[in-house]
Amino acid sequence: MNKERKLIIAGNWKMNKTVAEALDLVRSLKLELANVKEVDMVVCPPFTALEAVSKAILDSSLRLGAQNMSEQNFGAFTGEIAAGMLKEFSVRYVILGHSERRQYQKESNELISKKGLAAHGASLKPIICVGETLAEREGGQTEKVLESQVRGSLAGFSKEQMAETVVAYEPVWAIGTGKTATTAQAQETHAFIRGQLVKMFDETVARKVRIQYGGSVKPSNARELMSQPDVDGALVGGASLEARSFSDIIKNSI
Ligand code: PEP
């Protein structure tokens with residue numbers, strides 16, 4: 001597929017996989033994806049499997065991501081993990097502001113932007129998630145919600161930092177539900193988000209930023225979604241837990 005930006009496809013394993021299960025999965029992924037060069041491929045295991053997976057993927061083109069981190073660099077923050085600690089395991093990417101964290105941990109746009117800045121401070125690339133609920137889409141609020149999430153979650157980023165940031169558009173109603181945005185909805189919304197990046201930064205930066213789609217991506221819909229000009233990859237939940245479905249998503253997107 002001829003794309004303006006290199007595709008980036010990331011698997012968000014959420015709270016799944018013991019160390020042994022994680023190693024099984026990456027061993028299979030390494031075999032399935034050994035020849036893929038066209039896509040940046042990222043796996044995001046739970047914190048407890050980062051070290052083992054980091055070692056297991058050393059000789060592959062898979063890259064490591066984390067699912068969250070603290071906005072603080074160190075100190076008395078029980079249960080938190082800092083960007084510098086992720087760097088110890090050669091983590092390159094960190095998912096921030098996933099809708100599950102916005103919903104269950106009540107993460108705000110302001111907190112997400114602080115985390116993003118802390119990630120950049122440690123040379124980690126943040127994957128910043130945005131997306132509207134079904135009620136917001138049905139109420140005609142999609143653009144208003146996305147504008148405030150994009151502006152709030154990326155507040156304070158320099159142009160250089162923004163160019164190294166990935167945005168994931170994940171309509172909340174499509175996550176884990178089997179419902180996918182139509183390709184037209186995805187393209188229209190991604191173009192809207194890119195337009196916001198033009199306003200906040202500039203055209204050159206906006207053209208560099210990769211915007212992933214997330215929400216029930218599967219092998220059967222990956223190609224069509226990825227063929228849209230402003231869809232630059234995918235953030236995959238459920239289908240990233242099995243080697244066959246995740247690698248088929250990647251291969252079908254090329
Ligand atoms: C996600 O949670 O980031 C996600 C996209 O999940 P799923 O692919 O299972 O809808």
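Predicted model: local features only at pLDDT ≥ 70, side-chain atom pairs only at ≥ 80, totals over all residues.
Local features are described here only at pLDDT of at least 70 and side-chain atom pairs only at pLDDT 80 or more, while totals for chains, interfaces and linings use all residues. Residues are numbered from 1 along each chain as its sequence is written, and side-chain values use heavy atoms, with hydrogens and water left out.

**Lys14**

Begin by selecting Lys14, in the loop between strand E1 (7–12) and helix H1 (19–32); helices (H or I, at least four residues) and strands (E, at least two) are DSSP runs, numbered from the N terminus. Lys14 counts as partly exposed because its relative accessibility is 21%; buried means under 20% relative accessible area, exposed over 50%, and partly exposed in between (1.4 Å probe, protein chains only). Contact denotes heavy atoms within 4.5 Å. Apart from residues up to four places away in sequence, Lys14 touches Cys44, Pro46, Gln67, His98, Glu100, Ile175 and Gly237. Display Gly238 as well: it is 224 residues from Lys14 in sequence, yet the two C-alpha atoms are 8.9 Å apart.

**Val91**

Next, select Val91, in the loop between helix H3 (83–87) and strand E4 (93–96). Val91 counts as buried because its relative accessibility is 2%. Beyond its neighbours within four places in sequence, Val91 is in contact with Leu50, Leu64, Gly65, Ala66, Leu86 and Leu124.

**Helix H5**

Move to helix H5, residues 109–121. Its 13 residues reach 18 Å from first C-alpha to last, close to the expected 18 Å, where the expected span is 1.5 Å times one less than the number of residues. Colour its buried residues: Asn109, Ile112, Ser113, Lys115, Gly116, Ala118, Ala119 and His120. These pack against H3, E4, helix H4 (99–104), strand E5 (125–130), helix H7 (142–153) and helix H8 (159–163). Just after H5, Ser123 adopts a positive phi of about 60°.

**Strand E6**

Finally, select strand E6, residues 166–169. Val166 and Ala168 on one side, and Val167 and Tyr169 on the other, are all buried, so that both faces are covered. In a regular strand, side chains alternate between the two faces of the sheet. Two strands pair if DSSP finds at least two bridges between them. E6 pairs with E5 in the parallel sense over four bridges, and Ile128 stands opposite Val167. E6 also pairs with strand E7 (residues 210–214) in the parallel sense over four bridges; there, Tyr169 stands opposite Tyr213.
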